[in-house]
Amino acid sequence: MAAPPSATTTAKKSHTSKIALIATGLLLAALWLFRSHLRFDWPTLAHQLRHVSLLYVALAVTTTYIGICLRAVRWSVLLAPMRKVAPRELISAQFIGFTLIALLGRITDLARPWLIARRTHTAFPMQLAVYSIERGFDLGAAAILFSLALLFAPRDMPHHEAFLRAGIVSLAVTLALALFALLLRFAGDRISALASRLLRPLSPALAASAAERILDFAAGMRSISSLTEFLAALSLSLVMWIGIAAVYFFSAHAFPASPQLATFSVSATMLLLATAMGGSMLQLPVLGWFTQVAVLAAALHGFFAVPLESATACAAVMLFVTTLCVAPAGIIIARVQGIALRDAARGSAAA
């Protein structure tokens, strides 16, 4: 029988519910205030969805599933210096973890290290260190791809100058992150102590949390004991993010009836992917689906002059192929392995 949730976990859930209700209220209020300025043709939206290319949708879903399997391979590589675990033993945790994120939002992001610790009978801090360094590789690989795509964006692309500046900034951020990662690798303890000292006047809890996460990341960096492991993890990260970009590219090209989407470029895809990352940072349960669709639709409409109805239909498909399509597999895997999603969510909250 599962243990009852702690007072802290209950308080966090109550706080999250309040945030969700407030956000929903603000969204409804905004729609009410600007209802006279909205020009939305629902029959056109239905027409766009009826003519979606199922081939491109299937390609996008397949690419998403392959990417999740590659995450298991990368986790195995990062964990290898501490514990040898075959990638096949980690795939189920990846699918279940991303299913929880799809259904319950980012508050369950630590379900994957919690599930892997349980599956492999290892300490949770060990898996949290791997999770921390995994996030670093994700950020670095995404920044590298954004930099290259935006720096070499075609000159006839809308807002080319803005994209070029974004590429330069992204490249600078990438180099800064690489330098910071090296500093953590060799001086993580001192940086953690410095962060704690600087943040303590603002908030002791924030200072302790920041110091702990820096130590986790430093521990993850130190777990990479050879150049071969580093290059393997970086290569896998780049391949995964190329795959994620391909999912958005396939989703846009799934709308042949919209000229702007049918000719969507690689550079445009990378800009849209960056927008999607920003929109998913504070993803809330269920409500996050609608905010993600709204952010993507606004980017497609504002940056690339895609008609609002086509942009909304495309954004809905993007939400499905990047997030929601994982849920059926995750639910089935959890049922086969006897894992209750509620218990995994509680484990993530406690972590």
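Me: How many helices and strands does the chain have?
Reply: Helices (H or I, at least four residues) and strands (E, at least two) are DSSP runs, numbered from the N terminus. Here the chain has 15 helices and zero strands. This is a predicted model, where local features need pLDDT of at least 70, side-chain atom pairs count only at pLDDT 80 or more, and totals for chains, interfaces and linings use all residues. Residues are numbered from 1 along each chain as its sequence is written, and side-chain values use heavy atoms, with hydrogens and water left out.

Me: What share of the residues is buried?
Reply: Buried means under 20% relative accessible area, exposed over 50%, partly exposed in between (1.4 Å probe, protein chains only). In this chain, 45% of the 351 residues are buried.

Me: Which residues touch the most other members of the largest nonpolar core?
Reply: A nonpolar core is a set of buried Ala, Val, Leu, Ile, Met, Phe, Trp, Tyr and Cys residues joined through side-chain atoms within 4.5 Å. The largest one has 48 residues, and Phe255, Leu261, Phe264, Leu272 and Leu300 touch the most other members. Helix H13 gives the most to this core, eight residues.

Me: And what does Leu261 touch, leaving out residues up to four places away in sequence?
Reply: Contact means heavy atoms within 4.5 Å. Leu261's list includes Phe255, Leu300, Val306 and Cys314. Across the chain, 72% of contacts between residues at least 6 apart in sequence join residues at least 24 apart.

Me: Where is Phe180 found?
Reply: Phe180 sits in helix H7 (residues 160–199). Phe180 counts as partly exposed because its relative accessibility is 37%.
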